[in-house]
Amino acid sequence: MVRLPFRDGFYELRPSKIIALAKNYAEHAKEMESDVPERPVFFLKPPSSLIGPGEPIILPRMSKRVDHEVELAVIIGKRAKRVPAEKAMDYILGYTILLDITARDLQAEARERGLPWSLSKGFDTFAPVGPRIVDRRGLNIADLEIGLKVNNEVKQLGRTSEMVFTVPEIIEYISSIMTLEPGDIIATGTPAGVGPLRHGDKVEAWIEGIGKVEFEVLAEGSILC
């Protein structure tokens with residue numbers, strides 16, 4: 001559970017699932033040497049990967065390369081099943097920032113062997129979120145700046161208008177396959193510029209209208225963690 005500021009209080013984020021979009025920005029698909037999909041492609045991250053501001057991202061010993069991916073996260077506000085795109089926004093509680101942390105070497109190995117990506121996406125601390133949840137009624141997400149810095153150097157910079165599939169289209173598609181529950185998170189994909197994280201890095205992610213969130217990166221087993 002992660003507790004984030006919301007409206008005049010706090011919201012306890014307890015998702016039954018975290019659904020993440022793959023290749024939802026054309027330039028990111030290109031850098032991953034993939035085609036832009038004809039329909040949304042998604043995978044699941046376990047709720048146990050969720051952390052909030054003030055908690056460190058832990059680099060697992062099992063991986064030699066762990067990458068950052070900054071994403072607009074949609075928080076579902078009420079049960080959603082087979083929701084048409086034109087009504088999808090009514091099912092959203094609000095928005096926050098999520099980092100889809102990825103063990104890239106393990107992902108590449110899985111892809112090469114035709115295996116699922118779960119291992120590369122599912123380590124503890126691999127879904128940092130924050131700094132707050134913004135009410136959907138107070139933010140137009142159609143064209144917001146989204147970016148990420150590592151040690152004050154800009155690594156990712158894009159706009160939500162560059163998404164291949166819009167948020168209503170994503171909700172329509174996912175809810176036709178699985179029921180979305182209150183508190184579920186949909187991470188809507190990342191712009192180009194993903195890259196590796198190392199022990200001691202300081203990560204800053206931001207989305208216009210939501211704010212910025214910072215995380216420290218630590219190696220598993222380090223003295224500080």
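This is a predicted model: local features need pLDDT of at least 70, side-chain atom pairs count only at pLDDT 80 or more; totals for chains, interfaces and linings use all residues.
Thr125 is buried, with a relative accessible area of 11%; buried here means under 20% relative accessible area, exposed over 50% and partly exposed in between, with a 1.4 Å probe and protein chains only. Residues are numbered from 1 along each chain as its sequence is written, and side-chain values use heavy atoms, with hydrogens and water left out.

Let me stay with the backbone. Phi of Thr125 is near 75 degrees, a positive value in a residue other than glycine. Thr125 sits in the loop between helix H3 (118-121) and S11; helices (H or I, at least four residues) and strands (E, at least two) are DSSP runs, numbered from the N terminus. Arg82 also has a positive phi for a residue other than glycine, near 50 degrees, and belongs to the loop between strand S8 (70-76) and strand S9 (92-99). Arg82 is exposed, at 58% relative accessible area.

Where is the cis peptide bond? It runs from Gly130 to Pro131, with omega near 0 degrees, and Pro131 is part of strand S11 (residues 127-135).

I turn now to the interior. A nonpolar core is a set of buried Ala, Val, Leu, Ile, Met, Phe, Trp, Tyr and Cys residues joined through side-chain atoms within 4.5 Å. The largest one has 46 residues, of which Tyr95, Leu99, Ile171, Leu180, Ile186 and Ile210 touch the most other members. Among the elements that each supply at least two residues of this core are S8, S9, helix H4 (167-175) and strand S17 (211-219). Apart from this core lies another, of 19 residues, including Leu13, Ala20, Ile75 and Leu93.

With contact meaning heavy atoms within 4.5 Å, and residues up to four places away in sequence not counted, Leu180 touches Ile19, Ile76, Ile171 and Ile186, among others.

Thr160 is buried, with a relative accessible area of 4%. Which backbone nitrogens does its side chain reach? That of Leu144 is at 2.8 Å, and that of Asp143 is at 3.3 Å. Leaving aside neighbours within four places in sequence, Thr160 is also in contact with residues including Tyr25, Leu72, Ile141 and Ile146.

Key: A polar contact is a pair of N or O atoms within 3.5 Å; within protein, one must be able to donate a hydrogen and the other to accept it, and residues adjacent in sequence count only if both atoms are side-chain atoms.
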